[in-house]
Amino acid sequence: MAFGDIRVAERADWLIERVATVGTLVLRRLGETRAGERAVHRFLSSPYVSVERIVETLAARTAAQCSGRRILAVQDTTEINFAGRDKKRRGFGAGGDGKPAGFFIHPVIALDVEAEAIIGLVDAAIWTRSGARVAPRRGRALEDKESMRWLSGCQAAAETLSQAASVVMVADRESDIYSLFARKPDRLDLIVRAAQDRSLAQGGQLFGALETAEPLRTAAVRVAPRGPGDKGRIAKIALRAAPVRIVRPHVGLSCQLADTIELGLVEAREVEAPAGKTPLLWRLLTTLPIATADQADEVVQLYRLRWRIEQTFRALKSDGLKLDDSQVIDAERMFNLAAIGLAAAVRTIQLVDARDGSSRPATDVIDAAFAVPLQLLSRKLEGNTARQKNPHPPHSLGFVAWIVARLGGWNCYYKPPGPKTMRQGWNQLAARLEGYALATQCQNP
């Protein structure tokens, strides 16, 4: 890692692996011993460590894995709120409810379009509100608003993923900002869920633009699980699409932007929704082509993958690493810990994804130098029956995930291994590979 001190770099790599392995951001458990806990504190307080340096290095690793591939970048914001637990905390402003203390995390993650697998972190902004009085939002430039994060995420994705075959950015309704469409990077396409019923240059309003349009087809779209115990469902949708030209708002400082912008509007409206379920309705604005039913359907299927960032947030927060329960009291150190936690949350999801097989390379999570010991370990863990054989190609992420699951106690039968089993298995694998690395280093200084 590019921290300016090799000892800090090694500690950063160790800490990411440790968080992913133990499944917590509690510093006592991460350090194991008093000396280890103090080492974690020193890392988080080091002048060489910052959110920007952590994210920059993680993004460089992600970029290398994205080269030549079709990439979906997904961005969103989550809040960490310490309401009722704000005593002794320093440097935190108000949360989204206006009460202290809290902060915000806005990551951009990269997904492989073909495999639908998370590759890694592309960018992240982490901040807290200052509490100072600000001018009315309509009187401020985009650069002076928190909403600048949506454009910054697009710019970071376009720059970091410049070697990818293509990059499409997906974002939810909060990113429906005229400036985002007007100022997006040239080599990046957008899919944004519409929040504003905008005026159209051809007359009328955006939400009514497809009222009389005939469906291009009916299609199936998987609705993501809402939380633990929810398995999700398959929704039957009527698919409509048409080009639209949205008109620049007459408020704020957007007068410097183009008067109109031509986009594609894709509507996915659920038909025959199950009883008790809110029918799905997505209105998606996009810069991708939508001239055919296949093209419009692809826009919907790409937007469907936005739920992967919600999954990342759950892995970081209450359902996983429990960042919101951290006892770190200083804001700067907390932000560094949150950046490390993002990397560990992504690692956990990658391994859980790969448990049923993944075409992604093993180098998404592990160094290529460990290919030989991984193959030896796989053979040792295999049993006598066909179900106890590792079915995945040796250099694939699925191959590594099978080994991790076995080391975590999975017996190849019954239900698939969950995050806890995968974290325990990763702990075992990391220890064995560390021993291998030490042994081979002694033989080949």
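At 69% relative accessibility, Glu272 counts as exposed. In this predicted model, Glu272 forms a salt bridge with Lys236, and the closest N and O atoms of the two are 3.6 Å apart.

- Lys236 is partly exposed, its relative accessible area being 37%.

- Side chains of opposite charge can pair when their charged atoms come close.
- Arg217 forms a salt bridge with Asp294, with 2.5 Å between the closest N and O atoms.
- Because Arg217 lies in strand E8 and Asp294 in helix H7 (residues 293-304), this pair ties together parts that are 77 residues apart in sequence.
- Arg217 is partly exposed, with a relative accessible area of 29%, whereas Asp294 is exposed, with 52%.
- Glu32 and Arg18 also form a salt bridge, in which the closest N and O atoms are 3.4 Å apart.
- Here Glu32 sits in the loop between helix H2 (27-31) and helix H3 (34-45), and Arg18 in helix H1 (residues 6-22), 14 residues apart.
- Glu32 counts as exposed at 61% relative accessibility, while Arg18 counts as buried at 13%.
- A network of salt bridges links Arg69, Asp112, Arg360 and Asp364.

**Overall form**
- The protein has 12 helices and 11 strands.
- Its radius of gyration is 23 Å, close to the 22 Å that the globule rule gives for 445 residues, so the protein is as compact as a globular protein of that length.
- The C-alpha trace spans about 75 × 55 × 45 Å along its principal axes.
- Of the 445 residues, 52% count as buried.
- Among contacts between residues at least 6 apart in sequence, 64% join residues at least 24 apart.

**Surface and charge**
- The protein exposes about 21200 Å², of which carbon and sulfur atoms supply 49%.
- There are 62 positive and 49 negative charges, and their mean positions are 6 Å apart.

**The setting of Arg198**
- Arg198 is found in the loop between strand E7 (188-193) and strand E8 (217-223).
- Arg198 counts as buried because its relative accessibility is 9%, and buried means under 20%.
- Beyond its neighbours within four places in sequence, Arg198 is in contact with Asp176, Ile177, Tyr178, Gly204, Gln205, Leu206, Ile246 and Pro249.

How values were computed:
Residues numbered from 1 in each chain as written. Predicted model: local features only at pLDDT ≥ 70, side-chain atom pairs only at ≥ 80, totals over all residues. Heavy atoms only, no water. Helix = DSSP H or I, 4+ residues; strand = E, 2+ residues; numbered from the N terminus. Buried < 20%, exposed > 50% of the residue type's maximum accessible area, 1.4 Å probe, protein only. Contact = heavy atoms within 4.5 Å. Rg over C-alpha atoms; globule rule 2.2 N^0.38 Å. Areas by Shrake-Rupley, 256 points an atom, 1.4 Å probe, with all protein chains shown as cover. Lys, Arg positive; Asp, Glu negative; His and termini not counted. Charge placed at Lys NZ, Arg CZ, Asp CG, Glu CD. Salt bridge = Lys/Arg side-chain N within 4 Å of Asp/Glu carboxyl O.
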